[in-house]
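Please work through the following exercises with the sequence and the model at hand. Each task is followed by a solution in steps.

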Amino acid sequence: MEENRSGLLRPVREGGNQLAYETKRSPLAGDESPLTEAVHPEKNKSTPVVGFVDENSSYASENLGCSVKGMDDVFVNTKLKSSSKRSPAPTVAQKRSKFHTEDRPRYHFSVTGTDEVFTRSSSSTSSIGQCPALLTSTARKGGRVPSADTVWENDAKSLMHSYFPDQEVTIFVGTWNMAEIKELPPSLDNFLLPLSQDLVSDVYFVGVQEVACDIKDWLVLVQQTLGPSHCLIQHTLFGGLHVSLFIRRDLLWFCSAVDMATFSTKPGNLVRTKGGIGLCWTLFGSSFLFINSHLTAYDDKVAERNSDVSKISANLVLSVSDESDERELFSRFDYIFWCGDLNYRVDLPRKDAIDLIVKKDYMSLLLQDQLTKEILKGNVFCGFSEQPINFQPSYKFDINTNNYDTSEKQRIPSWTDRVMFKSNGDSALVGVAYNICSTMQHSDHKPVYGIFRSTLQASKVLESCPKQVASFDATVYNLGNENRRIIYEKCLALKNQKSKDELSVRRTSSSVCSLL
């Protein structure tokens with residue numbers, strides 16, 4: 001089995017059609033409780049679903065495949081369904097409710113030594129048209145994961161269409177300057193799961209700047225928000241910059257390993273607060289590049305900011321191919337996303353800017369936006385686009401309020417936090433949403449997010465996929481979903497207690513009335 005680093009679980013192919021995960025220990029149950037490993041026996045006619053369960057968890061004795069203490073992170077088989085339509089995603093409202101219920105079929109549960117494997121009772125072998133489904137109650141209903149028998153035997157185009165009949169994948173790109181806060185917000189729901197969107201995105205790229213909190217705590221909070229339908233496949237910390245990439249769990253097999261590069265625009269600065277991080281990877285046959293950056297500050301440093309973008313672009317050494325690629329960075333990928341605190345300001349007196357914000361006259365304000373003017377001049381982000389801005393500037397606020405800076409510096413409100421995007425060739429990329437998260441008041445910046453819909457291409461070299469398959473962080477996955485379960489149980493207990501109190505009040509009132 002392939003050796004893995006950094007505590008990640010890597011799916012590997014072991015001879016024939018056998019798939020396995022490297023066994024790790026559960027971070028939740030101590031050294032005596034290993035995180036169990038699900039394998040696909042080469043000669044087993046039934047098709048187990050690859051998954052992880054904590055063997056200390058208590059299962060409902062009559063419905064073992066249903067849940068773990070009400071947790072929705074158990075991989076559960078469902079009836080085989082035709083793949084003529086893409087499996088429906090949960091609504092954001094369902095996701096944010098944490099645990100919506102649904103009827104689930106019962107299946108046999110087998111334990112072989114320390115390995116716990118969910119298996120279908122049917123002995124038939126599945127095909128691409130009939131993939132065993134993988135459910136999580138708050139994520140993709142019926143999201144399919146092909147069996148190991150069929151993943152590598154079918155052509156890439158048929159395989160991709162079994163997951164994405166419309167060939168479209170949704171991508172969330174978020175940025176937040178955290179202003180070196182130590183205490184994290186209790187929830188990221190309004191940021192990562194905006195109610196304006198009916199469906200949860202397939203891919204999440206989250207870039208933060210001026211990060212000073214514990215990175216593990218931050219990743220666990222993101223995982224807790226997204227739930228068991230998504231898993232972390234890459235994260236990188238570089239000075240005050242951090243990026244994380246989460247994908248739908250059932251797409252893990254079709255992602256390449258993630259390549260990463262960093263560049264500091266202030267090399268003499270030991271803290272490295274300015275610079276960029278780039279991640280690139282492929283999903284099926286489409287390549288993606290994500291960049292998170294923090295550019296030079298101050299109102300009059302426009303030329304320096306333009307120079308930062310050029311330096312980062314020229315010095316990030318990234319490619320989806322092992323072979324040398326002499327093309328310019330942005331020509332190597334199908335889809336490019338650049339987010340971060342770009343620090344471009346609004347060239348207006350503060351009072352005039354505030355007046356336009358109160359009137360919601362963002363168009364007039366944008367005419368004085370430095371980045372807009374520099375793009376129109378062709379000085380920066382050539383070939384990139386930005387979704388229409390119909391939200392208030394994201395900087396600078398008094399912390400714990402929605403009031404713009406009232407300190408002595410009286411900074412001018414500006415759209416410093418942006419999400420730029422670009423596609424190459426025939427690759428279709430459409431903006432779905434672009435907004436600010438005004439409810440998060442922990443920093444002097446508000447988080448900004450963009451949601452996109454892109455068209456996937458089939459892989460040209462399917463045979464190379466098993467060697468390049470992405471890893472995911474099981475520690476973050478387990479801790480985030482355990483926190484999610486705890487919160488759910490507390491909410492459920494409070495709800496039950498409230499119901500009891502209301503019933504008690506009604507009974508007391510009824511008794512008083514009868515006495516009168």
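The model is predicted, so local features need pLDDT of at least 70 and side-chain atom pairs count only at pLDDT 80 or more, while totals for chains, interfaces and linings use all residues. Residues are numbered from 1 along each chain as its sequence is written, and side-chain values use heavy atoms, with hydrogens and water left out.

**Exercise 1. The chain**

Task: Describe the secondary structure, burial and surface of the chain.

Solution: 
- Helices (H or I, at least four residues) and strands (E, at least two) are taken as DSSP runs, numbered from the N terminus. The chain has 11 helices and 24 strands.
- A residue is buried under 20% relative accessible area, exposed over 50% and partly exposed in between (1.4 Å probe, protein chains only). Of the 516 residues in the chain, 56% are buried.
- By the Shrake-Rupley method with a 1.4 Å probe, the accessible surface is about 22,500 Å², and carbon and sulfur atoms hold 49% of this surface.

**Exercise 2. The cysteines**

Task: Determine how many disulfides the model holds, and explain why Cys255 forms no bond.

Solution: 
- A disulfide is a pair of cysteine sulfur atoms within 2.5 Å. The count by this rule is zero.
- For Cys255, the closest cysteine sulfur is that of Cys231, at 8.3 Å, which is too far for a bond.
- Cys255 is buried, at 4% relative accessible area, whereas Cys491 is partly exposed, at 44%.

**Exercise 3. Ile171**

Task: Locate Ile171 and list its contacts beyond the neighbours within four places in sequence.

Solution: 
- Ile171 belongs to strand 13, residues 168-177.
- With 0% relative accessibility, Ile171 is buried.
- Contact means heavy atoms within 4.5 Å. Beyond those neighbours, Ile171 touches Ser201, Val203, Phe288, Phe290, Phe337, Gly450, Ile451, Phe452 and Ser454.
- Asp202 is 31 residues away from Ile171 along the chain, yet their C-alpha atoms are 6.0 Å apart.
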